[in-house]
Amino acid sequence: MPDSLDVNLTLDLALRIGEVLLSSGAGAADVTATMLSVTSACGLRNCEVDVTFTSLSLGYQGSPDELAQTKIRSVRHRTTDYSNLTAADHLVRALVHGEIDRDEARNRLVSITSSGHRYPRWAVTLGWGTMAVGASLFLGGDWIVAVIAFMMAVTTDIMQRAMSRRRLPAFYQQVAGGLLATLVAVAVFAADVPVNPSLVVTVGIIMLLAGIAFVGAVQDALTGFYVTSGARGLEALLLTGGIAAGVSGGLAVAAKFGVDIALNPFSATWHGLPIALVGSAMTAAAFAFASYAPLRALAPIALVGMLGQLCYRFMVLEGFGYAWASAVAAVVIGVVAYSVAGRFEVPSLVVVVASIT
């Protein structure tokens, strides 16, 4: 029977690992299963786990005549760091397979969470810029749009970092990003630059889209974690609403100055497919890089993203509609991503989210 100190250390380790996973966008079911695997590997059976959007709780009671021990950990900060997620995944595998003990796992986890990000901040900013360039390519933009997209993405990232340091809510960061993209499109239109303003707005806001939150919300709903799913869905709705508010504000400012632009949706065609596939690969790989994914995973992520784009365009052009095209592309990405993730030793979430982007 483990003593109180052993139980406390095991619960603490499982909670800290769960925090790394949840803050990086992992689904509640995956977080729960991982935490139970950790406690089981450390000798604690029948633990109780509760995962919500902002907190984790873990309890253990050895026998009915013993007092239960329960620990709670809040998840205050959310950052997409796939290097930490990958390292935590490898740590759990080593612990479950008996390659390391609990104390070594604790030491490794401290090293993972305290070592900072894998890449320097300037490199991540360039990664977001590269992602915007890739988006401009698969949406049919020329070199002018690519240059504008790169500058907007870099500026947006720097601006959002400055706002984050001042503790401004994510909603207002999204508003600022949407406003910037629209004002740039208005300026380009007013200057008679030969580009489509709708395309400028699209490539300007693509890095702001709440795809990770929405994927997590759907995953949690499918696995029965409805409270967490609802919270993530509300977050995605709020972030998307911020973009819409920023774009609307930019159009209102333009109207005040007598500049009237119409924003039209993108239409997929077979024309320029090779360039579109290259752009899709760039977008997926650059998103993964900006999210601190391991370098060994970038090439396969690019290929999976390219495959998803090919499936999407085929379905749209065959008349199946955007909803079915998105669904089929996502299913193909999910099926392929699991085998790719295992081969390159990264969590499947890293490949799936980056490729779906």
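1. Asp6 has its place in helix α1; helices here are DSSP runs of H or I of at least four residues, and strands are runs of E of at least two, both numbered from the N terminus. Asp6 is partly exposed, with a relative accessible area of 29% (buried means under 20%, exposed over 50%, and partly exposed in between, with a 1.4 Å probe and protein chains only). Between Asp6 and Leu44 there are 38 residues in sequence and 9.5 Å in space, C-alpha to C-alpha.

2. On the basis of the note: this is a predicted model, in which local features need pLDDT of at least 70 and side-chain atom pairs count only at pLDDT 80 or more, while totals for chains, interfaces and linings use all residues. Residues are numbered from 1 along each chain as its sequence is written, and side-chain values use heavy atoms, with hydrogens and water left out.

3. Helix α1 covers residues 4–23 and helix α2 residues 28–41; they pack at an angle of about 155°, with axes 9 Å apart. Axes are lines fitted to C-alpha atoms, for helices over the stretch in contact, and angles run from 0 to 180 degrees between N-to-C directions. The angle makes α1 roughly antiparallel to α2 (under 35 degrees counts as roughly parallel, over 145 as roughly antiparallel, 65 to 115 as roughly perpendicular, and the rest as oblique).

4. Which residues of α1 and α2 meet? From α1 come Thr10, Leu13, Ala14, Leu15, Ile17, Gly18, Leu21 and Leu22, and from α2 come Asp30, Val31, Thr34, Met35, Val38 and Thr39; contact means heavy atoms within 4.5 Å. By class, nine of the residues in this contact of α1 with α2 are nonpolar, four polar and one charged. Ala, Val, Leu, Ile, Met, Phe, Trp, Tyr, Cys and Pro count as nonpolar, Asp, Glu, Lys and Arg as charged, and the others, Gly among them, as polar.

5. Helix α3 (residues 82–96) and helix α4 (residues 102–114) have axes that come within 10 Å and cross at roughly 175°. That makes α3 roughly antiparallel to α4. In α3, Asn84, Ala87, Ala88, Leu91, Ala94 and Leu95 meet Arg102, Ala105, Arg108, Leu109 and Ile112 in α4. The contact of α3 with α4 has eight nonpolar residues, one polar and two charged.

6. Three strands form an open sheet in the order β1-β2-β3, with antiparallel pairing; two strands pair if DSSP finds at least two bridges between them. β1 (48–51) and β3 (69–74) are the edge strands, each pairing on one side only. From one strand to the next the twist averages 10°.

7. β1 and β2 (residues 55–60) pair over four bridges, with Val49 opposite Leu58 in β2, and a hairpin of three residues joins β1 to β2. β2 and β3 pair over six bridges; Tyr60 has Gln69 in β3 as its bridge partner.

8. How do the helices meet the sheet? α1 lies across β1, β2 and β3, running at about 25° to β3. α2 also packs on the sheet, touching β1 and β2, and its direction makes about 150° with that of β1. Five of the six residues of β2 are buried, so β2 is largely enclosed by the rest of the structure.
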